[in-house]
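Please open the model in your viewer and keep the sequence panel beside it. The stops below go from the whole chain to single residues.

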Amino acid sequence: TEDPQQTARCVQIIDGHLKRLEEMLRDLLDLSRVERPDLKPAPARVTAADLFSLLRSSLGPMAREKGVELRFSEEPVPASFVSDERLLNLVLKNIVENSIKYTAAGGSVTISVLVADGGPVTIRVQDTGIGIPPEHLDRVFERFYQVNAARTGSSGRGTGLGLAIVKHAVHALGGTVKLESTVGVGSTAIVTLPA
């Protein structure tokens, strides 16, 4: 307390660690929910517009602070389909948050929803971020796995649970998720859900 600058610095460090612990606790709770064998999705009519609106309000401030543009598109317009909105929001929040986190200022994250007539629903999240080396693509959906070499210089490390949550939530929805990436160009997450 005799050195106000040192005290302020220590408080800032403690605050950063507390936020990281809160994030990890939230992710662990989400993961435990989506891994439950008795998890039953609650199907309802979902619109792309509602999903986009939630992403704008929950992740828009993070994107603006980072200087990353969020873009949205849907086909057909307005796109709607039947799914579990809560699980779908969890999937998109984790993917889009990762995309923003690892995209530099001036870059963009594009979220698109394609509802095929009588066919599957395809959701794509494409970013202009730092990308992931090919040797890590098979492991990114594992719990606590982080691509440290590819993340050098990025702001804010995650918990390593986001994509594990995505994998289990998409599985509960009866769908599939895959990740395509090129180092220095960006990444694209593709979620395919049954009609």
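Predicted model: local features only at pLDDT ≥ 70, side-chain atom pairs only at ≥ 80, totals over all residues.

Residues are numbered from 1 along each chain as its sequence is written, and side-chain values use heavy atoms, with hydrogens and water left out.

**Whole chain.** Show the cartoon. The chain has four helices and seven strands, taken as DSSP runs numbered from the N terminus (helices H or I, at least four residues; strands E, at least two). Their order from the N terminus is α-β-α-β-β-α-β-β-α-β-β. The C-alpha trace spans about 70 × 40 × 35 Å along its principal axes. Of the 195 residues, 43% are buried, where buried means under 20% relative accessible area, exposed over 50% and partly exposed in between (1.4 Å probe, protein chains only). Contacts are heavy atoms within 4.5 Å; among those between residues at least 6 apart in sequence, 69% join residues at least 24 apart.

**Core.** Select Phe81, Val96 and Val113, which touch the most other members of the largest nonpolar core, a set of 46 residues. Such a core consists of buried Ala, Val, Leu, Ile, Met, Phe, Trp, Tyr and Cys residues joined through side-chain atoms within 4.5 Å. Next, colour the elements that give two or more residues to this core: α1 (4–34), α2 (48–66), α3 (85–101), β4 (108–115), β5 (121–127), α4 (162–172) and β7 (186–193). The most comes from α3, with eight residues.

Which residues are in contact with valine 113, leaving aside its neighbours within four places in sequence? They are Ala48, Phe52, Ser73, Glu74, Glu75, Ala79, Phe81, Val121, Thr122 and Ile123.

**Helix α1.** Leucine 18 is in this helix. The residue is partly exposed, at 46% relative accessible area.

To finish, draw a C-alpha to C-alpha distance from isoleucine 130 to leucine 54: they are 76 residues apart in sequence and 25 Å apart in space.
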